[in-house]
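Let's take a walk through a protein model together. Keep the viewer open as you read, and turn the model as each part comes up.

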Amino acid sequence: QRGPFHTVSAAGSSEVLWSPWVLPVKNKLHFLGAMSARRALKAVLVDLNGTLHVEDSAVPGAQEALKRLRSAPVTVRFVTNTTKESKRDLLERLTGLGFDIAEHEIFTSLTAARNLLEQQQVRPLLLVDDKALPDFTGIGTDNPNAVVVGLAPEHFHYEMMNRAFRLILDGAPLIAIHKARYFKKKDGLCLGPGPFVTGLEYATDTKATVVGKPEKTFFLEALRGTDCAPEEAVMIGDDCRDDVGGAQQAGMRGILVRTGKYRPADENKINPAPYLTCENFPEAVEHILKQML
């Protein structure tokens, strides 16, 4: 087993140099994982609401920054937990704000949820915004035997939550599109679906299957078709846990931006800490272009 070793300068002073092999196994693996994460960058995953825009307002400079990022030799994908609207409506919103984005570049938690429903061949009670329903076209919902929860303020009332509660007690699986604590709107932070999913978990003594960020499978699915390993990708987002923490647990690097739902000291809420914290998306792109390619 190798340990710390010393070098002695010509003046006789001693300096301790550490070998990673003396670290505990867990820290050693983290050290080696960090080293392997320095592989050449091939893909950039970008969160949408809170990172590129907040509702109908773009983050200043984000459109031009995206153009600059596209000039680099990397694949760009957009990943979002939004359940407030369908992918097509979301694309219309983004193109209306001046972003150059194609539909096939967007991977949403709604897509991940639909994939799971088709795999399990269940009929869901869909607690999602009505604008998100087009993404579930063709999925049978009569006589539901599963519960799917997204962001659906108009459905989060006692009668509907109690219906979901009873279905779960009778054996229906609980599927959370995501469990975000809150999200950002123009007038401030708002409750996400997480508190309502957690309430159903508590009442039924069960655990939800989560399909969106921060789940590792979500990030790996987003990379499908890019010919890129997680260690060759970086995620940019405003949510320290779901965007950055989830990406880093999947093997990517994570850049946290201080826009959207970001709150002071968010970077201290996850371990390991974000690879980098930037003021906004344009600053993150600048770092990628200058330091990561």
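What follows is a short tour, from the whole chain down to single residues.

## How to read this model

This is a predicted model, in which local features need pLDDT of at least 70 and side-chain atom pairs count only at pLDDT 80 or more, while totals for chains, interfaces and linings use all residues. Residues are numbered from 1 along each chain as its sequence is written, and side-chain values use heavy atoms, with hydrogens and water left out.

The pLDDT is the predictor's confidence in each residue, from 0 to 100. Its mean over the protein is 89, with 87% of residues reaching 70 or more. Please take care with residues 1–23, where the pLDDT is below 50; beyond near neighbours in sequence, this stretch has 28 contacts in the model (a contact means heavy atoms within 4.5 Å). Residues 31–37 also have a pLDDT below 50, and that stretch has 6 such contacts.

## The overall build

The protein contains 9 helices and 16 strands. These are DSSP runs numbered from the N terminus, with helices being H or I of at least four residues and strands being E of at least two. Among contacts with a separation of 6 or more, 61% are between residues 24 or more positions apart.

Of the 293 residues, 49% count as buried. Here buried means under 20% relative accessible area, exposed means over 50%, and partly exposed is in between (1.4 Å probe, protein chains only). The protein exposes about 14600 Å², and carbon and sulfur atoms supply 51% of that area; accessible areas come from the Shrake-Rupley method with a 1.4 Å probe, and for residues only the protein chains shown count as cover.

## Two nonpolar cores

A nonpolar core is a set of buried Ala, Val, Leu, Ile, Met, Phe, Trp, Tyr and Cys residues joined through side-chain atoms within 4.5 Å. The largest one has 31 residues, and Val44, Leu52, Phe78, Ile101, Phe281 and Ile288 have the most contacts inside it. Elements that each supply at least two residues of this core include strand 3 (43–46), helix 2 (62–70), strand 6 (75–80) and helix 9 (281–291). A second, separate core has 30 residues, among them Ala43, Ala112, Leu117 and Phe136.

## Helix 3, face by face

Which residues of helix 3 are buried? They are Lys87, Leu90, Leu91 and Leu94. Seen down the helix axis, the buried residues fall within an arc of 100°, so they line one face of helix 3; the arc is that of the directions from the helix axis to the C-beta atoms. Those buried residues pack against strand 4 (53–54), strand 6, strand 7 (106–108) and helix 4 (109–120).

On the other side of helix 3, Arg88, Glu92 and Gly96 are exposed. Just after the helix, Gly98 takes a positive phi of about 95°.

## Backbone details in the loops

Most residues other than glycine have a negative phi, and most peptide bonds are trans. A cis peptide bond joins Lys213 and Pro214, with omega about 15°, and Pro214 sits in the loop between strand 13 (209–210) and helix 7 (216–223). Another cis peptide bond joins Asn271 and Pro272, with omega about 5°.

Asn143 is not a glycine, yet has a positive phi of about 45°. Asn143 is exposed, with a relative accessible area of 62%.
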